[in-house]
Amino acid sequence: MDHSSEPMLPLETLRAFDAAARTGSFSAAAEKLNLTHGAVSRQIAKLEDWLGLKVFDRGARGVSLTIEGNRLHLRTTEAFALIASNSDRWVEPRGTAVVRLASIPSVGGLWLMPRMAALESNPTKLRIVLDVDNRQADLADEGIDLSVRCGRGRIPGRVSVQLFEEHVFPVASPELANEIGRGDPARLLKFPLINDSDASTWRAWFAAQGMDYRPRPHDRRFEDYNLVLDAAAHGLGIALARPPLTQDQLKSGRIVAVDDRVALNPISYWLDRPAGRPRAAAADLARRIAAQAGLAPERIEAFIEAEN
């Protein structure tokens with residue numbers, strides 16, 4: 001094995017090792033941590049690769065610690081006890097009804113958060129642990145049950161279903177909207193245009209109006225859509241509303257439509273999960289998310305039943 005040059009291991013890796021060492025079984029560790037057997041197995045493989053040695057002997061009836069593994073377990077037990085002695089540390093909830101859901105900040109804040117209470121309480125209680133990150137993480141390795149993301153298609157190694165598309169239209173602050181007025185689409189080019197991660201959405205909108213658009217020096221770009229909306233609300237330019245992420249902002253009057261013409265965004269919303277069979281709680285949450293998105297029941301059931 002090649003000893004990894006990484007200086008630190010993720011806490012999830014050590015947690016999987018500790019659970020497997022205590023239970024003598026990857027399956028039992030997976031059940032304790034609410035992960036799949038494969039996720040625990042991959043975490044142990046990552047640990048052994050990092051150490052450059054075996055920590056478990058695999059047998060038909062489970063696993064047992066090697067001499068090196070036993071030494072490591074003594075140290076990790078001490079380390080976890082030290083962490084636990086800090087009363088201010090945050091402890092993530094665990095249990096069969098806990099589901100880890102990953103998303104990017106804008107979708108997490110603008111679409112998931114307004115629906116969180118309904119997702120957790122209807123019809124039975126679930127606890128959602130929301131992982132907010134812009135990375136395309138390895139869901140299985142990081143113990144993520146589900147992911148809601150924006151994208152152009154499926155991601156290899158995941159089971160995916162398209163939740164919904166969106167038709168975008170230009171918005172600005174009420175003050176700037178009065179200055180822009182109504183008229184042909186070309187009038188918008190007199191003002192700064194605000195882009196998110198790239199210019200594809202504005203290009204799609206102008207293309208739908210028979211025009212070409214290329215970013216200009218006075219246009220702006222913000223990686224996160226929350227910042228795009230903040231910039232528009234503060235009069236820094238014209239943004240594109242992305243329903244349903246902008247429903248609350250439009251209802252409050254913080255931003256207003258400056259043109260009624262719409263265009264299909266080339267980016268759509270997807271629900272992903274790791275390959276294999278999802279846990280019951282994860283399948284339950286997938287159905288609830290699908291219902292909020294208006295997805296047909298047969299499509300979400302196919303997503304849940306798919307092996308890869």
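These are my notebook entries on a few places I looked up in this structure.

**Ground rules.** I am working with a predicted model, where local features need pLDDT of at least 70 and side-chain atom pairs count only at pLDDT 80 or more, while totals for chains, interfaces and linings use all residues. Residues are numbered from 1 along each chain as its sequence is written, and side-chain values use heavy atoms, with hydrogens and water left out.

**The sheet.** I started with an open sheet of 5 strands, in the order S4-S3-S5-S13-S6 with mixed pairing. Strands here are DSSP runs (E, at least two residues), as helices are (H or I, at least four), numbered from the N terminus; two strands pair if DSSP finds at least two bridges between them. At the edges I found S4 (127–132) and S6, each pairing on one side only. From one strand to the next, the twist averages 25°.

**Strand S5.** Which way do S5 and S13 run? They are antiparallel, joined by 5 bridges. S3 and S5, in contrast, pair in the parallel sense over 3 bridges. I followed valine 148 of S5: its bridge partners are serine 103 and, in S13, leucine 271. Cysteine 150 stands opposite tyrosine 269 in S13. I also checked burial (buried is under 20% relative accessible area, exposed over 50%, partly exposed in between; 1.4 Å probe, protein chains only). In S5, 6 of the 6 residues are buried, so the strand is largely enclosed by the rest of the structure. Leu146, Val148 and Cys150 point one way, and Ser147, Arg149 and Gly151 the other.

**Helix H12.** Next came H12 (residues 297–305), where Ile300, Phe303 and Ile304 are buried. Why do I say that they line one face of the helix? Seen down the axis of H12, its buried residues fall within an arc of 95° (taken from the directions from the helix axis to the C-beta atoms), so they line one face. They pack (contact means heavy atoms within 4.5 Å) against strands S5 (146–151), S6 (158–164) and S13 (268–274), and against helix H11 (280–293).

How values were computed. Axes are lines fitted to C-alpha atoms, for helices over the stretch in contact, and angles run from 0 to 180 degrees between N-to-C directions.
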